[in-house]
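Hello,

Here is the structure I promised to hand over. My notes follow below it.

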Amino acid sequence: MRRFMPLFLLLTSLSPGQPAPTLSPVQAQALVERALATESRAAEELGRQSHPMRYRLHKSSPRMTTTKEIVETRDGDVARLVQINDQPLNQVDEQKEQARLDALLSDPGLQQHRKRSEDNDAARAMKVLRVLPSAFLYQFSGTVTTAIGTVVKFTFKPNPQFDPPDLETGVLTAMAGEIWIDAAQERVVRLAGSLQQNKELGLGILGEVDKGGWVEIDQADVGGHQWRIVHLRLKMNFRVLFKAKDSDSTQEYSGFAPLPADLSYRQAIQMLRAGGSAAPGGR
């Protein structure tokens, strides 16, 4: 951090009328690599559920809008659907949701299956996160004033020397975009990228994702120096086994509140049903 501080002071002392400093490609790459290393460490800690939270997820797509209350636990996340198309659940939908929660309580295997799925998703995300420093070439492009202060902005493009080790990382060879970094905490504030060409997946066997698809992710400190995704926008068109599939959704995360590290999924269900704190005791 000590070697980084002079650059941080230079960036944050800029007035609106002053030109942004220039970083060489080597300096830009080093800055991004440090921030991405911080993200990797944070993702590993998040996977251990050292700092679980309760939050609200509002997801919208052309077909439907849903709102869920989600509680993170040592046994995996537990969610309760509370709104459809921004309206409270009707009696039938509420009964279905309560029946689903009853099934989770009576069959721990259902929650175990969800936890394995979460772990698999996290492992795939980590594969991508670990190769981001080498997958792209980063160029400093100035500073941006945001709600949290001045952040550093970089553009990125595929690194021609990058050899993707697996399917999950192969799509990066066709992506370009920008990344914003909080210089004080060395955290990624925003990552936005778009596909510059059609990209085959699995040597053409599994399908193809179309040029023009894009993703944007915003992160923030949601309290206690805990950084979480607060906005995710995804627009991708796939062709899988000759069938077209469109992924178009916006996810907003809000209302974060810390929880005990030893919270069980059964306690989470009690919490979601009560609307307050979980009762002590058992899984």
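Thr250 sits in strand β13, which spans residues 243-258. Strands here are DSSP runs of E, at least two residues, and helices are runs of H or I, at least four, numbered from the N terminus. This is a predicted model: local features need pLDDT of at least 70, side-chain atom pairs count only at pLDDT 80 or more, and totals for chains, interfaces and linings use all residues. Residues are numbered from 1 along each chain as its sequence is written, and side-chain values use heavy atoms, with hydrogens and water left out.

Is Thr250 buried or exposed? Thr250 counts as buried, because its relative accessibility is 16%. The cut-offs: buried is under 20% relative accessible area, exposed is over 50%, and partly exposed is in between (1.4 Å probe, protein chains only). Not counting residues up to four places away in sequence, Thr250 touches His58, Lys59, Ser60, His231, Leu232 and Arg233. Contact means heavy atoms within 4.5 Å. With Arg233 there is also a side-chain polar contact of 3.2 Å. A polar contact is a pair of N or O atoms within 3.5 Å; within protein, one must be able to donate a hydrogen and the other to accept it, and residues adjacent in sequence count only if both atoms are side-chain atoms.

Next, Gln196. This residue lies in the loop between β8 (187-195) and β9 (199-201). Gln196 counts as partly exposed, because its relative accessibility is 41%. Its side chain makes a polar contact of 2.9 Å with the side chain of Ser194. Leaving aside neighbours within four places in sequence, Gln196 is in contact with Ala174, Met175, Ala176 and Lys211. Gly213 is 17 residues from Gln196 along the chain, and their C-alpha atoms are separated by 8.4 Å.

Now a helix pair. Helix α3 (residues 91-106) packs against helix α6 (residues 265-274) at about 160 degrees, with axes 10 Å apart. So α3 is roughly antiparallel to α6. Here, roughly antiparallel is over 145 degrees. Axes are lines fitted to C-alpha atoms, for helices over the stretch in contact, and angles run from 0 to 180 degrees between N-to-C directions. From α3, the contact uses Gln98, Leu101, Asp102, Leu104 and Leu105; from α6, Tyr265, Arg266, Ile269 and Arg273.

For the whole chain: 6 helices and 13 strands. Of its 283 residues, 40% are buried. Among contacts between residues at least 6 apart in sequence, 50% join residues at least 24 apart.

Best wishes

Notes. Angles under 35 degrees count as roughly parallel, over 145 as roughly antiparallel, 65 to 115 as roughly perpendicular and the rest as oblique.
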